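This report looks at aromatic rings and the charges placed over them. The sequence and model come first.

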Amino acid sequence: MADHFNIKEFSYHVGWRSRGRHPGQHASTLRGMGMEFRGHSTLLAYPDPRRIDIRQTIRDPMEQVYVRIYNQKSAIPVYVVCDLSGSMNFGHGRRKLQLAAEIAESIAQSATHSSDPFGFIGFDDQVREDWISIASVKPQRAFELTERLKDYHPPQLAGNGLLDVYRYLPRERALIFLISDFHMPLSDLQESLSMLLRHHIVPMVLWDRSEYLNMPEFGITSVADSETGALRTLFMRRALKQRIIEGFEQRRADIDAMFMRFDMPPFYVENQFDADALTEYFYQFVAP
């Protein structure tokens, strides 16, 4: 098992109010023992004598006793939704799934220290029941899944199971870290994101330039479809390699445009995960 003391952590916050009943660290809509002043109420309506406001009480000509009302800090559900399709087995030096496991561990650890329940959902061409951990403040099952993920070699399947992920998420708004290389068709990605608009989505794009920069400039080479594994023989030339590179760069631009259309700024991870950079992402893109 992973040494939890060595797992990188980051800080996060959300710009919306939680409706959760469990105490946590996020602003909520629920009255409770927090420090955020909400208003006044009569003692009869809100019978908590610890919160009697003497000044407001003596001002009332009807001589009613008033109490101060506060909003509590509440927890929010935090999920990792992880792509387990065939392309996630690629990686120069380290496979994408190993990198995804490190990121998922960091998210689980950070959520636990923030008193937020953490869950995990894995998908390939369908949502994988054997890669699901329901949200819990004791995420031992989730840590077991992330440990398994480091040694998992996925079959050559596509990632269109993302279309059904919304069915496995809670009704209340959650913070979702969507980890993938996003090699699925853009039309499927657009449809999937439209079904996740209830939630706060952080797209974490695993981008490996060696997928296209390490190709030879001349000669016969075989390339494999990253999702299906289908082989194709190409006679490489410098011009063809340049078109392939331009195609990948255009793909990245298209992914960026897609996420920004849904107001979901992507966070790119290239070969190495930087937890401090993810903290900075929240300060840059998420209003506290």
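The model is predicted. A search of the whole structure finds 12 aromatic pairs. One of them joins F10 and Y12. Another joins Y12 and F282. The table gives the geometry of these two.

| Pair | Class | Centre to centre | Angle between planes |
|---|---|---|---|
| F10 and Y12 | tilted | 5.9 Å | 50° |
| Y12 and F282 | tilted | 6.2 Å | 50° |

Y12 takes part in both pairs. The pair of Y12 with F282 links distant parts of the chain. Y12 lies in the segment before β1 (23-42). F282 belongs to helix α7 (residues 275-285).

The cut-off for buried is under 20% relative accessible area. Y12 falls below that cut-off too, at 10% relative accessibility, and therefore counts as buried. F282 is buried as well.

Ring pairs link F10, Y12, F177, F267, Y281, F282 and F285.

Charged side chains also meet aromatic rings. Which ring lies under the charged end of R148? The ring is that of W131, and the charged end sits 4.0 Å from the ring centre. R252 lies over the face of Y268. Here the distance to the ring centre is 3.8 Å.

Notes
Residues are numbered from 1 along each chain as its sequence is written. This is a predicted model: local features need pLDDT of at least 70, side-chain atom pairs count only at pLDDT 80 or more; totals for chains, interfaces and linings use all residues. Side-chain values use heavy atoms; hydrogens and water are left out. Rings of Phe, Tyr and Trp (its six-membered ring) pair if their centres lie within 6.5 Å; planes under 30 degrees apart count as stacked, over 60 as edge-to-face and the rest as tilted. Buried means under 20% relative accessible area, exposed over 50%, partly exposed in between (1.4 Å probe, protein chains only). Helices (H or I, at least four residues) and strands (E, at least two) are DSSP runs, numbered from the N terminus. A charge sits over a ring if NZ of Lys or CZ of Arg is within 6 Å of the ring centre and within 35 degrees of the ring normal.
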